[in-house]
Amino acid sequence: MITRLTPQDASFYRLESSSNPMHIGSLAIVRDPSPAEQPPRPSLDYERLVDLVESRLPLVPRYRRKVREIPFALGRPVWVEDAHFDITYHVRRSALPNPGSDDQLHELVSRLASRPLDHTRPLWEMYLIEGLSGGRRAIFTKTHTALVDGSSALEIGHVILDTSPSPREVAADAWTARREPGEVELLGMALVELAAQPREALEVLREAGVNASGIFGVAGKAVDKMVSVVRTAAIGAPDSPFNARTSRNRRFQVVQTDLEDYRKIRRRFDCSINDVILAVVTGALRIFLQSRGDMLTESAVLRAVVPMSVYVEGPGGDQLKPASEVSSFLVDLPVGEPNPVMRLSHISHATEAHARHRRSVRARTLVHMAGFAPASLHAMSVRAASTFAEHTFNLVITNAPGPQQPMYIGGARMLEMYPVSPLLRNQASSIGITSYDGRVFYGLNADRDAMADIGVLSAAVRESMEEMLGACVQ
């Protein structure tokens, strides 16, 4: 089956450069079943993971397709089935020196996240990382943002998760790769399409001579619907260490916190969990900037691209699930405000104002997926962020809910899950946040040179949370 990339998919495909690989990553920590479990269950080894992924590929057919360019750039690239698809190329294994530490795992993830995907094959990779201390294993997945649109194409993390240790049955797949089209065939198809659409033909001819770098920051109308009408794109972002030329190398740090702490703050100050998370991040950013010797005035801000309406909360904030709509917008984080309650108040008012004017993308597919995983929402947020001109914001914060009950991969229980968001052009750091099974997990991805002190920011998240909790009892 040959399908043309949508205008927005093509834009994200062309955003990539050697120093800015455009894949969304996900790190899951799992533990094998205990020996005493009845009935006994085998451990999650490489062969079992390959079999699991291969059995679920019919649910994400794009994961067997690759991108082919049209000769002479006469049209957008197309998705074609990979006639030489090799599951063992995409599902790989690695190991830490046993017993491997969490720091060693994060260093390995930073190196894996630094490597661009192979554009001659389907745009995804998955790694089983063995040797982690305490009988744990890690699964690191990276998927190009052009592949995941959150509607017709979901991230593979949606389909390898199960709600019980017994993997659910999926209908058998009789897939065989079709013959790949040749260059002449692709060119002929493009010419036929252009002949039937004269207006598009003129547009293609006009753009054929434009350098691909000119596409950076441009997206199609469909993606623009993901972005708030309040863009403030004409206003430049404040200067900050979060805006710097990026290298090819990354650093990765994590933080985990308790979801109940956010609920406690939410109930105390009558706001949303989204607001509380942003307030905690803002406090952490303030501490980080001060550690660098920055002199912050009370009016100092950092401008971030953040998602909107990714959580639905029930009465008292005790229920948490993905919303049916997703959008993103620019918000000024008041890093200069010393009072944590005032920081939360500023953020709450800003998000409320944006909520009244936003336009959203429907996410019904995400909501109704069994074993909901947040990586698709993170990918959608990154896609929305890339529609903003690079000088208009300082960093990207993606925030998406995961399931609030234990989940399993091939019988192994998932203990932790961290997003690994890409760095956009001249963005030295990204912050990905995911809630799962009563906890909130932060994945901090950063340029290795520009943000060598990213560990300070991860420690600052905990300090900021303690500050917010202290404000609750005053």
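Guide: What follows is a short talk about sheets, helix packing, a salt bridge and some backbone details. The model is predicted, so local features need pLDDT of at least 70 and side-chain atom pairs count only at pLDDT 80 or more, while totals for chains, interfaces and linings use all residues. Residues are numbered from 1 along each chain as its sequence is written, and side-chain values use heavy atoms, with hydrogens and water left out.

Visitor: What makes β5 and β6 a pair?
Guide: Strands pair if DSSP finds at least two bridges between them, and β5 and β6 (residues 124–132) share 6 bridges, in the parallel sense. So they count as paired. Within this pairing, Ser94 stands opposite Ile129 of β6. As for the names, strands (E, at least two residues) and helices (H or I, at least four) are DSSP runs numbered from the N terminus.

Visitor: Why are β5 and β8 called edge strands?
Guide: The open sheet has 7 strands in the order β5-β6-β7-β2-β17-β16-β8, with mixed pairing. β5 (91–100) and β8 (161–162) each have a single partner strand, so one side of each lacks a neighbour in the sheet.

Visitor: How do you know that α2 packs on that sheet?
Guide: Contact means heavy atoms within 4.5 Å, and helix α2 (residues 46–56) touches β5, β6, β7 (136–144), β8 and β16 (408–409). Its direction makes about 145° with that of β5. Helix α4 (residues 102–114) packs on the sheet too, touching β2 (23–31), β5, β6, β7 and β17 (412–420).

Visitor: Why are α9 and α14 called oblique?
Guide: Helix α9 (residues 259–269) and helix α14 (residues 454–472) pack at about 40°, with axes 10 Å apart. Axes are lines fitted to C-alpha atoms, for helices over the stretch in contact, and angles run from 0 to 180 degrees between N-to-C directions. Under 35 degrees is roughly parallel, over 145 roughly antiparallel, 65 to 115 roughly perpendicular, and the rest oblique. The angle of about 40° falls in that remainder, and α9 and α14 are therefore oblique.

Visitor: What about α10 and α14: at what angle do they pack?
Guide: Helix α10 (residues 273–291) and α14 pack at about 125°, with axes 7 Å apart; they are therefore oblique to each other. Among the residues of α10 that meet α14 are Ala279, Gly283 and Phe288. The contact divides into 12 nonpolar, 3 polar and 1 charged residues. Here Ala, Val, Leu, Ile, Met, Phe, Trp, Tyr, Cys and Pro count as nonpolar, Asp, Glu, Lys and Arg as charged, and the others, Gly among them, as polar.

Visitor: What makes Asp162 and Arg56 a salt bridge?
Guide: The term asks for a side-chain nitrogen of Lys or Arg within 4 Å of a carboxyl oxygen of Asp or Glu. The closest N and O atoms of Asp162 and Arg56 are 3.2 Å apart, so the pair meets the cut-off. Asp162 lies in strand β8 and Arg56 in helix α2, so the bridge ties together parts that are 106 residues apart in sequence. The structure holds 18 salt bridges.

Visitor: How do you know that the bond between Asn98 and Pro99 is cis?
Guide: Omega is about 0° at this cis peptide bond, and Pro99 lies in strand β5.

Visitor: What makes Asn426 worth a mention?
Guide: Asn426 has a positive phi of about 60° although it is not a glycine. Asn426 is found in the loop between β17 and β18 (429–436).
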